[in-house]
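Please read them alongside the sequence and the coordinates.

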Amino acid sequence: MHVVGSQLPPPSATRNLGRRVISQHDYFLRFYVNILILKTFVVSVLPTDKVAKVRAYLLHILYELGKDDHEFRLRYNGEVLQDALALVDYDLSDNSVITMVPMGKSRNVLMEIQSISSSHVDLEQTGLPANVTTALEKEVKTFERREQLISDLQVLLYIHWIAACLALLTTRWYAGVWLAVLSLLAIWLVPSYTRLGGFVGNTSHIRRPFCIVASVSAALCLAVALYFAAYEWLGFLSNKCTDWKFSGLACSYHSVYTAVFFTLHSVILVLTAVLSLILLFNFQVELGDLIEKFLVQERDIEQVMAAAKNGSIKEKRTAAYDLAAMAASSDDNKFRIVAESGLNILVQLSLSRDSITQEHAVEALAELLTIPSIQETFVESGGINTLTAVLHSHSPRAMQEAASALYNMVAESESSRMALVADHGLDDLANAAHEGTIRCQRTVASIMLELAFSTEIRSLMASTTTPAQTLVHLCNSNDSETLRFSLQALEVLAIENPDLICAQDDLLKHLVDLPFRFLDERLYLLASKILLYFAENPKTCRKLLYEEHVTDSFSAMVKTHSAVLQKVVVKIMYYLVSSPELRQKASQKVDKVLEYVCDYPGDQDAWDMADECLQLLSSSGDLGNLPALSTLEKLHKMGDKGSNFGSRTSLGSEGKSAGSSASSSLINTK
């Protein structure tokens, strides 16, 4: 692992922090972990590692920053990553970007993380649980001990090299040969490690085999050294050299030097063997091993419920966090929470003035409401009113979680849809569409589409201007999915009340400008279907014709070479040129587009329709002066073939009877 940041150690000094080195033959993932906009951490892990392992990495990094008391969560694509699940469960790919979201999201928290020099700021947050903090400190001490042990081992190896040279001066000079070879190999293969930098070098991945071989080699050399030392000392004593008069071969200074050397070297070998074995056991602890089990450990639900109901603000915040984590981990936990009256408690916490508590409580509700049976209980208790109230929250995250919970419900049952619109729910969705984040807007657009598919609710939506105005506002989004859902919902509403859609002046501009914002054939088709309503309406047909970039927009659409899209655009142009008073102006804007379709048609029908429109432009009469097979007849012929373009003419209905056909077409487009 390494950290990117000017205030942190360089990448080369922070990779593999306490973690085993992953060889180039191992498959691993690299994640970019962002703390909002302040820092980016790069973490390399195995796909089978748990999310708790990644959190353990980040806790060590925050420990170096002096901010290890921060409690945080990890989010990917808006989804909270649960500690107990493996990374592979979230389909995370290499180079994925994960966001670290602190439990306290106030400006003070962010500034404290950003500034290393800040020291005493009251964050009003619970901090890490005591067991996690204890495990973190224990891991840090383990890695500090590892650094010291490896440093001591390296010193001993250099002493062995010196001893190999000195062994050449003994009577057992040949012992210096194998001592020199072994010491040089050990110096070359010994792992290098610092607590901050982790393992470095090309041989660190064989550190466990190194410790085993080093301890065995030291034991063998120890046996030989003890034999040589004992032989020399016994010979020295047997020759009665106890009076310390060094004379003769047996009592020479050379013999005494040999005995003393191998005796001292035996002590060094014992230290080397013991140190290698200690390191071997120390290497069994990798970064996060001690922390992980506490991160995935769940609290008792009854205790959490008691804290959520009667605890202090900090305790309620922690309880809401725990409930969200429990609910996301398994369906069994969801039912256990509901059995302990968790829905009522979470509803109360969702209306808390503490934004962090509110965020986690709504997130827990969103997780619970993925179960249909829990949804029914929630709707019967009037819980939807709570979620719609949260759509007015000042917390963007709480607003998003509430929208997600509502989508889970309206996508499942008609009763949830009716309950949502019964009490100003459409107005609440409108507020979320204007004030929410991009992801929240996308969710709101999805909810509006689901509501529009309901016949009764569609009639209600088409009778007021708020839903249409909300969808028009969402059409201004730069998110393609939000735009797609919004256009689909508008198409369905146009079936019910086309005049309502044509009354949205801003929508016309958004539709015409769409090809300049996106390169998406599906969006072009949806936009052209709605433009067909504007072309059919005599009042809005003139507005469409006088739009500034209408020619360029139509040109971009027909150049996709999609036969269906070309026919829809040509049909729009037919309505533009069919009016005698607009024909001259229309001829200046549509002739080149029609000529392009004739030159590069998607199919024969597209060419025939474009050719008939060109004949109509060149004709001084009306539709009756055209050849036997007129453009109108061709359009009806296309309708008989099942080409639905989203207008009353193409759908073959002006009332609710067209709803099922439009919904089927819309689902296919979706």
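Predicted model: local features only at pLDDT ≥ 70, side-chain atom pairs only at ≥ 80, totals over all residues.

Is the crossing in which H25 passes H27 left-handed or right-handed?

1. Handedness. The crossing of H25 past H27 is left-handed.

2. Geometry of the pair. Helix H25 spans residues 521-536 and helix H27 spans residues 550-558; their axes come within 11 Å and cross at roughly 130°. Angles of 65 to 115 degrees count as roughly perpendicular and those over 145 as roughly antiparallel, so H25 is oblique to H27.

3. Residues in the contact. From H25, the contact is made by Tyr 524, Ala 527, Ser 528 and Leu 531. H27 contributes Phe 554, Ala 556 and Met 557. By class, the residues of this contact comprise six nonpolar, one polar and no charged.

4. Buried side of H11. In helix H11, residues 331-339, the buried residues include Asn 333, Lys 334 and Ile 337. Viewed down the helix axis, the buried residues of H11 lie within an arc of 105°, and therefore they line one face of the helix.

5. Surroundings of H11. The packing partners of the buried residues of H11 are helix H9 (301-310), helix H10 (313-329), helix H12 (342-350), helix H13 (355-368) and helix H14 (372-380). On the face of H11 turned away from its buried side are the exposed residues Asp 332 and Ala 339.

Key. Residues numbered from 1 in each chain as written. Heavy atoms only, no water. Axes fitted to C-alpha atoms, helices over the stretch in contact; angles between N-to-C directions. Helix = DSSP H or I, 4+ residues; strand = E, 2+ residues; numbered from the N terminus. Parallel < 35°, antiparallel > 145°, perpendicular 65-115°, else oblique. Left-handed = near helix turned anticlockwise from the far one by under 90°. Contact = heavy atoms within 4.5 Å. Nonpolar A, V, L, I, M, F, W, Y, C, P; charged D, E, K, R; others polar. Buried < 20%, exposed > 50% of the residue type's maximum accessible area, 1.4 Å probe, protein only. Arc of directions from axis to C-beta.
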